[in-house]
Structures are given as structure tokens and as C-alpha cells.
Amino acid sequence: MSALLELKNIKKHFPLKSEKLFTKEKPLLKAVDGISLSVRSGETLGLVGESGCGKSTAGRMALKLLEPTEGEIWFKGENITNYRGEQLRKLRREMQIIFQDPYASLNPRKTIEQTLAEPLKIFGMPKGQVTQRIDYLLDVVGLSSYHKQRYPHEFSGGQRQRIGIARALALEPELVICDEPVSALDVSIQAQVINLMEELQAEFNLTYIFIAHDLSVVHHISDRVAVMYLGKIVELGDAGEVYSNPKHPYTQALLSAVPETNPHREKERIILKGDLPSPANPPAGCKFHTRCPFAEDICRVQEPELKLVSTGGQMAACHFAKEVVTEGNFT
Amino acid sequence: MESVKPLLEVKNLHTHFFTKTGVVRAVDGVNFDVKPGETLGIVGESGSGKSITAMSILGLIPSPPGRIVDGEILFKGEDLLKKSENQMRQIRGKEISMVFQDPMTSLNPVFSVEKQMVETVLAHEKVTKKQARDRAIELLNLVGIPDPSKRVKNYPHEFSGGMRQRVMIAMALACNPSLLIADEPTTALDVTIQAQILELFKKMQKELDMAIIMITHDLGVVAEVCDRVLVMYAGKPAEFTDTKKLFDQGKHPYTLGLMNSIPKISPNKEKLIPITGLPPNLGDLPKGCSFAPRCKHVMDSCLSIDPTLQEIDENHFVRCLLYEESKKAVTT
């Protein structure tokens with residue numbers, strides 16, 4: 001499988017207000033601090049982590065909604081890092097985003113038809129075809145054409161998310177970044193939307209980057225998973241492998257913290273101490289060492305690199321994960 | 001457990017909201033009881049009436065437009081609905097206390113944690129300010145806040161989300177309540193922090209011997225901490241039983257639908273089976289069973305008859321026509 005999108009050591013540092021007077025130096029919030037990922041055509045890559053780990057920032061950089069501070073973004077073999085204006089606009093046709101909050105991401109003063117027609121008009125679809133296309137899109141996401149004269153407030157959360165999906169699919173993109181698309185929805189509706197997304201992926205051969213904090217949802221939908229902690233990827237690999245045999249202590253703790261829906265199974269739980277450190281002032285060495293139950297001296301000074309830890313291509317950034325040496329690169 | 005007198009009994013509770021567009025039956029006939037020291041889970045989706053049930057117990061229903069139109073809420077044998085506002089104020093925060101979902105909006109941002117905690121203690125107990133402050137520090141220590149004597153002087157914004165929720169729990173525990181109502185206490189938190197807070201709830205319950213009503217939409221949380229569960233749908237109970245029984249032999253089509261909708265972390269991925277359709281509008285409920293339009297097993301009679309809660313097995317109550325013939329009629 002070829003890589004559709006490649007992120008090469010991208011970083012995003014947001015300048016914060018300086019605490020000192022008369023200095024030009026501003027402290028930096030390192031939201032994403034050097035991640036490399038490649039997304040294969042047709043796959044779903046899950047990006048998990050807790051709030052503040054940089055998963056949304058990474059997703060937005062991939063779409064170039066945010067400029068990376070450092071690093072390169074490649075899409076279909078082209079370096080798009082410095083694309084501007086018209087070039088970028090053309091690119092946007094091929095990559096779209098579904099946002100978390102279906103209440104905030106639709107314009108309340110536009111009917112569904114207007115919302116969906118906008119991208120089609122911008123990209124020069126003849127008027128006659130627009131209506132047809134909108135009817136088709138609504139049908140695809142499980143709504144009816146009579147819905148198009150309505151405004152967002154007339155829909156429930158799940159229906160709005162369907163509209164958000166229709167909007168993202170309007171221009172037949174190849175890559176869709178899904179930023180917590182189901183976390184605002186009730187369980188019964190969440191399952192409907194997840195199934196819909198899976199069906200659409202098969203039908204239109206979409207590639208998803210699925211950003212979420214819900215580990216079971218990510219496991220369900222993803223082929224591969226990247227676990228992030230404080231702006232870094234700590235573990236990456238095949239979803240089944242990462243979930244059944246996590247190598248990084250953070251992934252282990254994260255998975256053990258998921259409430260078990262089977263009351264008979266007593267799970268051994270790793271309760272992490274303390275909170276997520278602030279990304280404005282991350283710890284030195286391995287960023288996880290402050291909460292890691294296995295931290296040793298080396299973790300406090302030296303930051304571990306992401307290395308291959310299984311023959312299946314699983315990678316982890318931990319000094320104590322056993323490295324496996326094989327030919328080839330799996331990133 | 002059988003012979004233990006319940007701490008709280010909610011009987012036939014109806015809380016309605018009278019709005020311009022009509023009557024919204026947010027809670028419409030709910031029965032349950034909580035035994036001393038147990039954890040009862042109330043699960044349901046948005047609009048199922050779970051929070052309104054909790055607010056009704058505490059007498060916090062905004063009126064107008066809301067009103068408890070029928071029912072009894074017996075706490076230690078006394079009907080809370082017959083209490084005056086003054087008497088309720090004595091009970092709230094002392095006998096029954098509450099932890100809300102969002103710790104940022106439920107703490108006052110302009111007062112230090114110390115001031116807010118001392119206020120709670122002084123309101124209910126005859127102690128000096130100094131004693132109240134010591135109590136505050138002791139409580140923060142109890143809920144696992146490091147360096148409590150210093151942290152007590154901090155303002156809410158100086159705490160992280162998980163720490164704020166700990167502060168909320170400490171405040172709720174200030175007067176040793178016998179019942180703690182926690183409304184989605186971990187929904188706003190990350191999973192590693194959620195695990196910490198759930199652990200804390202279990203520990204506190206053991207140490208202080210109090211009953212907890214845990215309101216949540218997360219069946220995982222229920223499986224973790226609850227002894228018994230009430231599943232609610234559209235303002236009415238759907239199923240009420242032991243946690244284990246619910247997960248092993250859940251009966252109501254809605255309960256089963258919910259369980260099938262949750263992705264499970266297991267090696268073989270199965271397709272999710274969602275519940276079709278949308279929850280009903282509480283101001284305009286369908287005739288008959290309110291779950292009927294979404295139910296896989298819907299029968300003709302479901303569209304006209306609204307079922308009642310039946311005990312189909314020992315301590316297993318289901319409100320569904322599918323099980324009505326196999327019942328032994330019980331008046332609940």
C-alpha cells in the first residue's frame with residue numbers, strides 16, 4: 001500500500017504570553033513536538049490520547065488548517081508544506097474534515113441545502129447538477145431530500161453529524177480527518193454514525209484519520225493506531241496488536257483504565273499517579289516519566305526514540321521496550 | 001440485603017415541565033430504592049430523565065416551569081416532598097450531597113477552595129472557623145490532593161480537571177452524608193483520570209459507609225462501580241436489577257440495544273448493531289410504549305398499551321410487554 005499522506009517530523013509550537021517584562025523571548029507551548037506518520041490509502045488510522053496530547057493539532061496540520069512550525073507534509077507524493085492560495089484550495093478538495101461538535105460546525109443561518117451547495121459551487125459544479133448531488137449526498141448519509149430546506153437547529157445531534165459527513169463528502173475527497181466525530185453523541189446514535197462511516201469508507205474508498213479519546217471506538221474503527229502523549233507518538237502499530245499487546249507503559253495504563261463492560265471480569269488496573277503535565281512545561285527526558293510506574297534514571301534525562309518492537313511493525317518509544325531489528329521501515 | 005430498610009425510596013415520581021409548547025414529561029413514573037451503603041446506577045441517554053430524577057430528590061427542580069406532580073420520595077422514612085425549603089436546606093449538603101458533571105461550572109471561580117469548603121461545613125455544623133478549616137484540609141487530604149494545607153488556598157482555576165473533581169467530592173463529603181448523588185462525575189475527564197476518580201469513589205464509600213447514586217450514560221462505569229442499575233428511557237424506567245444480572249440476562253430491548261451499540265475491545269471485531277431511529281420528544285410521546293418506534297420486537301399491542309414495571313424474576317424488574325405474560329403481577 002502506498003502512503004497517501006506523510007507527516008515528516010512535524011512540530012507545532014504555539015507562542016505563549018511572556019511572563020517576563022522587556023524580553024522578546026516567548027515561552028512555547030509544544031502542542032505537537034515532532035511526529036512522523038504515514039497514512040496508507042484506504043486505511044483508517046486512529047489517533048488516540050488524552051486531552052492536550054496534540055492529536056487534534058496534528059490532524060489540523062495534516063489538512064494545513066494550521067501551519068506546522070517545523071517538518072514536512074507530503075500528500076500523494078508531493079510536498080504540500082508550502083502550498084498557498086490557489087494550490088491549497090485545489091488540494092482541499094481531496095482532504096476534508098468532520099468536526100466534533102455538530103452544533104458548532106454548521107452555520108445556523110444557512111439551510112442544509114445552502115451548506116451543502118457551497119463547496120460544490122466554489123468548485124464550479126453546474127447549477128443543474130448541484131441539486132441532484134445534494135439529494136444524492138443526503139441519501140447516502142441516511143437523510144431525505146425533504147430535509148434540505150431545514151436549518152441545523154431542526155435536527156438532532158446525530159442527524160447534524162450526518163450532515164457534517166455529507167458536507168465533508170460533497171467534493172469526493174480521498175482523505176477525511178475525523179476529529180472526535182462521535183464523542184458528542186449518545187451511545188445508540190454513536191453506533192449508527194460509526195456504521196455509516198464504515199459503509200461510506202467501503203463505498204467511496206476513503207482514507208480516514210480518526211481522532212478520538214474513546215479507546216473502544218478507535219479500536220473498533222481503526223486498522224492502525226497511533227497513541228500520543230504530550231505532543232509525541234509513544235506507540236504505533238496495527239490496532240489489534242497494540243490493543244492486545246501494548247508495549248509502552250502509557251498505552252498499557254490507558255487501556256487498563258477503560259471501564260470494563262463485563263462485570264465478571266476483574267481487570268488488573270494500572271492507576272496512573274497525578275495529572276498530565278502541562279505541554280507548556282513538559283518534563284525533560286521521556287515525557288511520561290513523571291507518571292510512569294517503571295521510570296528509572298535514564299528516563300529522566302534521555303528522550304526515547306520510536307523504535308520497532310515487534311516483527312509486525314509495532315513501534316514504541318520507551319527505553320525498556322525490547323527493540324526488534326528487521327529490514328524495512330514501517331512508519 | 002433483603003431485609004435492610006432502604007435509605008431512599010422513590011415511589012411513582014412524576015416531574016413535569018410546563019412550557020409554552022406543552023407539558024414535557026421529563027420523569028414519568030419512576031420507582032426505585034437505595035439501600036444504605038450500596039451504589040445504585042441510573043443509566044440512560046440524554047433526555048431520559050436521569051438528572052431530573054436526581055434534582056427531584058434534592059428539591060432542585062426550577063419551578064416554574066418544573067413541578068413534581070405526583071409521587072413520594074422517602075428518605076430515612078420521611079417524605080422529602082413534604083419538607084419546607086428550610087428543612088430541605090438542612091438536608092441538602094448534609095444528609096444528601098451531590099457531585100456534578102462539570103467541576104468548572106459548579107465551583108465558584110471567585111472564592112478560594114478553602115472559603116467554599118468552610119462555608120459548607122459552617123452551614124451545617126456547629127464548629128469554629130478554625131475547626132472548619134482543619135476539616136477542609138483533612139478532606140482534601142482524604143481525596144488525594146497533594147499538599148492540602150497549601151492547596152486549600154488556591155482558586156478553582158488553579159486546579160486541573162481531575163483535581164477539581166476531587167475538590168468537588170471533598171466538598172460533597174464535608175458533612176458525612178449518608179447519600180451521595182453523583183451526576184456524570186467522570187464524563188468530562190480523560191480515561192486515566194476517570195479511573196482515578198472511580199477508584200476514589202469506591203474507597204470513600206468503603207471508608208465512610210455511604211450510599212451512592214451514580215448517574216451516567218456509560219455502561220462501563222456502571223459495570224465498574226454499581227451494585228444495582230436502573231435503566232431509564234424517555235422518563236420511565238426500562239429495567240431495574242443487579243448489575244451482574246443486567247449484563248448477563250438483560251431483558252428489555254432497549255438495554256440489549258444499548259449493549260450492542262458499544263464497541264468492545266476484543267480481537268474479533270463485530271459490526272455494531274445500533275438502535276435505529278431517534279429518542280422521542282418528551283413533549284409529544286408516542287402512544288403506548290415510548291420505545292416502540294425504535295424497538296426490534298415491537299408488537300401491535302406495544303403501540304397502544306404502555307407497559308408497567310413487572311418483577312419477572314427475583315429483584316429483576318422490566319417494563320416491557322414481551323415479558324408481561326410470564327410475570328407474577330407485582331404492584332410497584
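**Close-ups of a predicted two-chain model**

**View 1. Strands 11 and 12 of chain A sit side by side, running antiparallel.** Two bridges join strand 11 to strand 12 (residues 315–316) of chain A. Look for A:Lys307, which stands opposite A:Ala316 in strand 12 of chain A. Keep in mind that everything here comes from a predicted model. In general, strands of a sheet pair through backbone hydrogen bonds, either parallel or antiparallel.

**View 2. Now for the whole sheet in chain A, an open one with eight strands.** Read across the sheet and the strand order is 6-7-8-3-9-10-12-11, with mixed pairing. Strand 6 (95–98) and strand 11 (307–308) of chain A are the edge strands, so each pairs on one side only. Helix 5 (residues 157–169) of chain A packs on this sheet, touching strand 6 and strand 7 (175–179). The direction of helix 5 makes about 175 degrees with that of strand 6.

**View 3. Here chain B meets chain A, with 41 residues of chain B in contact with 39 of chain A.** Together the two chains bury about 3500 Å², 59% of it on carbon and sulfur atoms.

**View 4. Time to zoom in on a salt bridge between B:Lys271 and A:Glu199.** Their side chains meet at 3.9 Å, N to O. Across the interface there are two salt bridges, along with twelve residue pairs in polar contact. Helix 8 of chain B gives the most to the side of chain B that touches chain A, with seven residues. That side divides into 17 nonpolar, twelve polar and twelve charged residues.

Notes. Residues numbered from 1 in each chain as written. Chains lettered and ligands numbered in written order. Predicted model: local features only at pLDDT ≥ 70, side-chain atom pairs only at ≥ 80, totals over all residues. Heavy atoms only, no water. Pairing = 2+ DSSP bridges. Helix = DSSP H or I, 4+ residues; strand = E, 2+ residues; numbered from the N terminus. Contact = heavy atoms within 4.5 Å. Axes fitted to C-alpha atoms, helices over the stretch in contact; angles between N-to-C directions. Buried area = accessible area lost by both parts, 1.4 Å probe. Salt bridge = Lys/Arg side-chain N within 4 Å of Asp/Glu carboxyl O. Polar contact = N/O pair within 3.5 Å; in protein donor to acceptor, adjacent residues only side chain to side chain. Nonpolar A, V, L, I, M, F, W, Y, C, P; charged D, E, K, R; others polar.
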